[in-house]
Amino acid sequence: MSVGVIMLVHAALDRAEQVVRHWVAGGCPVVVHVDKAVSQAEFTAFRGRLSDLPEVSFSARRKCHWGTWSLVGATQTAAEQILREHPQVEHIFLASGSCLPLRPVRDLCAYLKARPKIDFIESATTQDVPWTIGGLDAERFTLRFPFSWKHQRKLFDGYVRLQRRIRFKRKIPTGLQPHMGSQWWCLTRSTLSAILNDPMRQTYDRYFKRVWIPDESYFQTLARIHSERIESRSLTLSKFDFQGKPHIFYDDHLQLLRRSDYFVARKIWPQANILYDTFLQKNEGTVPQTEPAPAKIDRIFAKAVERRVRGRNGLYMQGRFPHAGVEGAMTAAPYSVFCGFNDVFEGFLDWLPRATPVRVHGHLFARDKVHFAGGEPSFTGALSDSAAVRDYAPRDFLTSLIWNTRGERQCFQFGPADVQDLNWKLALDPNAQISVISGAWAVPLFHSTRPFAEVRVEAARLQRVENKFLEILKTPYVKAKVRAWALADFIEAPMDALQDIVDEMGQKPPRRLTEVPKMVDLTGFGQFLQSLKNEVMHPYLMGDFPLSSVEAAPVPEPRRPYLVR
């Protein structure tokens, strides 16, 4: 029983030489195909260094391009040569120059000897698996692809659009059901010989020459015709990211590769000295016949893909832009937004830090400047109180503030008089706890000394702004934790509302409030609201306030200032 190796090499010839010697030392003959893109001088030197190994031969060179027939052609040539030169070989293992054996070669030979009639080749139809990236799954078998995707991208895309427009569809050869899978397989001699000697080979070759990425479908399809038994899996560990690009293994993946129990891994960084030194060392010990175990590391790769796609909450990466919505939560930690509380309570900004250990800011999105806690001109992370700097990127401002203060909960005030650019971002952030007393913005207007005509106009404007914010908070897309009260409902039981808010902020252990901040004087507020109604401004966000002596309430005369106290 013997295993032969086909190795496709296009770079890092020094590493390829090490691996070739490792295969030969394990008793495996090797046929090497060196890409014609490698200079003749490099190829000659590489071949000369391996001239002391009679088990190594070189197949005819051709220039290979990713996703084209050239890779299949190079594999066919090398396969024919290894079958012709090494009649004792019963399994043929396809590898690349960046592949690295992870287990002793004799372990692979023993494993295959125990399974003499099994072909290890990943093979599945496009309907069965969502592997393809870029929208070309079944179309790769029904359209023509004469151009290289990497080197002739405009021609490639244009020709695909043209075929779609004219509804062109290739005829698949009779009896052929296209399959896909990993390029790296291990076939029995009988199956590989049957594929190469198939009487329909010219027809199949002609068809697959215009299939996209045929190296992942040619052998995978024809093995289904000629194999006695297929194990639809590869013995080579090869992982891909969300863009369909192969993961590269580095020195710090050593323990991960050991746990995988795979026979070979691809793709190894050429400078990974620890990996090459570890796995290519001579090992004479007894090796258990363990099965490759992808489940051991699939979870790790799944997390890596998620981290690559979504990143960490509250951090942004250039590589994920401009794909909006893939960055996960906007912020790194929970925070609280209070709308209207400092309008209803006197000294609310001083009371809240006493009730719970949080950092309490004023209106971070006020139009004049950023009101940091304590009135500081700058905050952790060199955040400035400049409104212009904040408004240049308001989302990034809040993201940075929460990230820079991880471990300390941040709270800030927000209202309809503030900059509203971040409303949707706040609503969609699962870390946000938003508490709203709707209509509370009217309390400062009630106590102001501005002319009533200005008060009415300002009240109408603030109500429109807050209503839009509340409509956002009522949509089914909201991920923030939202609590909202009408002003009239809130003042009936402020202690219960504040207790619920403090409890939701995660106070450990739960702490029962013994005091609440003093509420502002609302005597006559109902009459103030009625006056606004009388002046054609309907204040509906505050709820129903009782009116005392409404008939006696002063009604402002046109064009005369009315002072509300």
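Predicted model: local features only at pLDDT ≥ 70, side-chain atom pairs only at ≥ 80, totals over all residues.
## Terms and overall form

Taken along the principal axes, the box filled by the C-alpha atoms is roughly 110 × 60 × 45 Å.

Of the 565 residues in the protein, 50% are buried, and the accessible surface comes to about 27700 Å², with 51% of that surface belonging to carbon and sulfur atoms. Among the contacts with a separation of 6 or more, 74% are made by residues 24 or more positions apart. The side chains include 75 positive and 60 negative ones, and the centres of these two sets lie 8 Å apart.

On the E4 side, valine 3 has histidine 91 as its bridge partner, while on the E2 side the bridge partner of leucine 8 is histidine 33. E4 is in turn joined to strand E7 (residues 186-188) by 3 bridges, this time in the antiparallel sense, and isoleucine 92 stands opposite leucine 187 in E7.

Strand E4 (residues 91-96) has 6 of its 6 residues buried, so it is largely enclosed by the rest of the structure. In a regular strand the side chains alternate between the two faces of the sheet. Both faces of E4 are covered, with His91, Phe93 and Ala95 buried on one side and Ile92, Leu94 and Ser96 buried on the other. Strand E2 (residues 30-34) is likewise largely enclosed by the rest of the structure, because 5 of its 5 residues are buried; Val30, Val32 and Val34 point one way from E2, whereas Val31 and His33 point the other way.

In helix H4 (residues 105-113), the buried residues are Val105, Asp107, Leu108, Cys109, Tyr111 and Leu112. These buried residues of H4 pack against several elements, namely E1, helix H1 (13-25), E4, strand E6 (118-120) and E7. The loop between E1 and H1 holds alanine 12, a residue other than glycine with a positive phi, near 50°. Alanine 12 is partly exposed, its relative accessible area being 29%.

Leucine 222 lies in helix H9 (residues 218-226) and is buried, with a relative accessible area of 1%. Apart from its neighbours within four places in sequence, leucine 222 is in contact with Leu176, Ile195 and Tyr204. Leucine 222 and asparagine 467, which are 245 residues apart in sequence, are 65 Å apart in space, C-alpha to C-alpha.

## The open sheet E5-E10-E9

A further set of 3 strands forms an open sheet with mixed pairing, in the order E5-E10-E9. Its edge strands are E5 (100-101) and E9 (236-238), each of which pairs on one side only. E5 and strand E10 (residues 264-266) are paired in the antiparallel sense over 2 bridges, and within this pairing proline 101 stands opposite valine 264 in E10.

The loop between helix H10 (254-260) and E10 holds aspartate 261, another residue other than glycine whose phi is positive, here near 65°. Aspartate 261 is buried, with a relative accessible area of 17%, which falls under the 20% that sets the limit for a buried residue. Leaving aside its neighbours within four places in sequence, aspartate 261 is in contact with Arg103, Thr290, Glu291, Pro292, Ala293 and Lys296. The C-alpha atom of aspartate 261 is separated by 28 Å from that of leucine 83, a residue 178 positions away along the chain.

The loop between E10 and helix H11 (273-279) contains lysine 267, and the peptide bond leading from arginine 266 to lysine 267 is cis, with omega near 20°.

How values were computed: Residues numbered from 1 in each chain as written. Heavy atoms only, no water. Pairing = 2+ DSSP bridges. Helix = DSSP H or I, 4+ residues; strand = E, 2+ residues; numbered from the N terminus. Buried < 20%, exposed > 50% of the residue type's maximum accessible area, 1.4 Å probe, protein only. Contact = heavy atoms within 4.5 Å. Areas by Shrake-Rupley, 256 points an atom, 1.4 Å probe, with all protein chains shown as cover. Lys, Arg positive; Asp, Glu negative; His and termini not counted. Charge placed at Lys NZ, Arg CZ, Asp CG, Glu CD.
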